[in-house]
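Dear colleague,

Please find below the structure that I am handing over to you.

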Amino acid sequence: MFRAIVSSPDDFVNRVLAARGGRREQLVQILRQVQEHTHWLPRPVLARIAAGVGLTPAIVEGVASFYRFLHLEPVGRVHLLWSDSVTDRLQGSRVLAHELCRRLGVEPGQVSSDGLVSVGFTSCTGLPDQGPALLVNHHQVLTRMDHERVARLADLLRAQVPPAEWPAEWQRVDDSVQRADVLLGSLPLQGSAIRATLARGAEATLAEIIASHLRGRGGAGFATGTKWTLARASPLPPGGTRFVVCNADEGEPGTFKDRVLLARRAHTLVEGMTVAARLLGARQGYIYLRGEYRWMLESLEAVLARRRASGLLGARILGVTGFDFDLEIHLGAGAYVCGEESALIESLEGKRGVPRIRPPYPVEQGYLGQPTIVNNVETFCAAAHIAERGGAWWAATGTPDSSGTKIHSVSGDVERPGVYEFPFGVTVGEILAAAGATRTQAVQVGGPSGICLAGPEFGRRIGFEDVPTAGAFTVFDATRDMFEVARGYAHFFAHESCGFCTPCRVGTELIVRRMDKLAAGFGSGFDEAELRELEALLHGATHCGLGASAANPLRDTLARFPQAYQRRIVQPRFVPAFDLDAELEPARRVTGRDDAAAHLERLG
Ligand code: SF4
């Protein structure tokens with residue numbers, strides 16, 4: 001039988017509140033933890049949580065409503081979410097999802113009449129190299145789904161077999177390391193970088209980070225040494241402290257290399273964060289783990305526990321008095337915008353993940369108003385190696401503007417999907433060849449917020465001076481319709497807009513409507529012109545990078561694959577995407593009119 005609720009919601013809420021100290025900044029964690037017990041968050045439960053953290057129920061409900069993985073309406077006791085990345089779709093996820101719904105007799109997004117199961121979709125779950133994938137109750141994953149597995153899954157659900165007893169093979173996640181260099185090819189660091197830092201001293205180690213020319217791997221490429229120097233120099237308020245935060249919220253569709261680093265190099269990540277803490281004098285750090293990676297939580301907690309037991313984390317690290325640093329893992333709850341560092345900090349503080357107005361920057365006033373550095377998983381791993389081996393060693397690899405190596409998450413139409421670590425300066429074509437791609441039409445480098453390249457550009461080089469990337473490398477062969485690829489990305493951005501600023505909230509939705517209209521065969525030249533205007537608007541008028549990059553796939557596919565749009569522009573003049581005359585029917589009924597002038601089609 002499915003897991004039964006063993007204590008009353010109130011008892012459980014009280015225990016969670018007590019364990020988390022009733023702290024407001026723990027709100028998202030409290031909501032997540034309570035929901036794991038109650039399946040969804042009814043109003044009385046929200047009210048109890050609100051009282052426990054000293055907030056109004058309206059604020060708590062406002063926070064809960066921001067995150068897709070927090071449910072204010074009932075979901076099934078087994079809640080299934082199909083990964084809806086473009087790669088999962090290429091692998092047939094939509095067909096499989098509808099087949100599962102048909103077998104279960106449930107509509108997508110609805111709960112079965114017996115309350116047992118609900119099936120929905122979510123953005124990329126970070127498993128496009130082994131999809132189609134889906135999440136089970138937010139803490140279990142199923143990979144490589146096919147028709148046979150869907151049929152068996154439906155049988156298991158109908159028989160009420162608990163998810164923990166489903167075939168282990170379905171839950172297998174491979175790391176798929178296809179090419180390793182310094183980050184994936186060397187052993188996990190377990191103290192050597194910290195010892196090197198202690199021997200060299202904080203000032204000198206920071207000088208090595210600067211000399212390495214390491215740039216952040218999250219996409220923007222800000223110099224890591226500069227960021228750490230600024231945070232170190234930021235004055236502390238009385239009683240203040242600095243914080244070290246790891247952004248493990250890789251939500252860019254098509255990216256999964258941090259998943260592999262978290263699985264294989266968690267020690268190196270924590271080592272890098274501990275080195276940073278030593279340089280900044282920080283005592284507390286956080287790993288912001290994306291909600292889709294909830295299934296990795298226990299293994300990461302185990303790494304932290306082992307390091308505490310080994311004297312590599314916690315009080316008096318390596319026996320050094322005053323060197324105290326510990327880490328807490330904070331789970332995201334399904335919001336792509338929280339990959340933006342100030343939105344991530346808001347979420348870490350238990351709020352809606354809306355990007356902050358800057359300045360002040362996080363290095364001045366970040367988490368709880370204190371100087372904070374936020375770097376991603378790959379950056380901290382690189383920093384750990386630099387602390388051990390020196391800045392010149394790292395800078396000797398790569399290109400003048402892009403030192404070191406970069407890990408790429410390769411998926412889509414390739415023979416060998418997986419992660420590939422290459423020195424910066426590698427060409428797009430070289431990665432394609434390594435992955436066994438043939439007949440490649442286009443590559444989306446850096447995910448939908450990155451750039452789409454076509455065949456003649458495959459000689460371009462990966463690096464901040466040419467093609468920057470956060471790590472996604474999604475390949476489309478000649479059979480793929482690049483308009484549909486761009487339309488899928490347009491839906492993704494409209495879905496993920498946090499709604500704070502109008503150009504993004506409305507603009508992304510208007511792009512979706514225009515592209516859907518073209519797809520439905522109602523498109524004219526007017527719609528194409530409108531799309532171009534919207535693309536220009538979004539690039540210049542939004543509050544954060546999500547909105548600014550939301551039209552990138554549209555921009556790139558319009559420029560490189562105009563024929564994909566042209567063949568959809570079939571109407572000689574503007575036509576609405578809906579039946580205007582039918583829309584007037586309610587007005588006709590209210591006014592009692594049915595004369596010719598009240599019908600568009602009867603007007604001359
Ligand atoms: Fe939110 Fe979009 Fe505005 Fe960013 S650009 S703040 S995601 S609405």
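This is a predicted model: local features need pLDDT of at least 70, side-chain atom pairs count only at pLDDT 80 or more; totals for chains, interfaces and linings use all residues.

Residues are numbered from 1 along each chain as its sequence is written, and side-chain values use heavy atoms, leaving out hydrogens and water.

An open sheet of 6 strands has the order β5-β11-β10-β14-β12-β13, with mixed pairing (strands are DSSP runs of E, at least two residues; helices are runs of H or I, at least four, all numbered from the N terminus; two strands pair if DSSP finds at least two bridges between them). Its edge strands, each pairing on one side only, are β5 (177–179) and β13 (451–454). β5 runs parallel to β11 (residues 418–423), and 2 bridges join them; V177 has V419 as its bridge partner in β11.

In helix α4, the buried residues are V60, G62, V63, A64 and F66 (buried means under 20% relative accessible area, exposed over 50%, partly exposed in between, with a 1.4 Å probe and protein chains only). Their cover includes α2 (27–38) and α3 (43–53).

H71 lies in the loop between α4 (57–66) and β1 (78–83). H71 counts as buried because its relative accessibility is 10%.

L600 lies in the segment after α26 (585–591). With a relative accessible area of 36%, L600 is partly exposed.

Yours sincerely

Conventions
Contact means heavy atoms within 4.5 Å.
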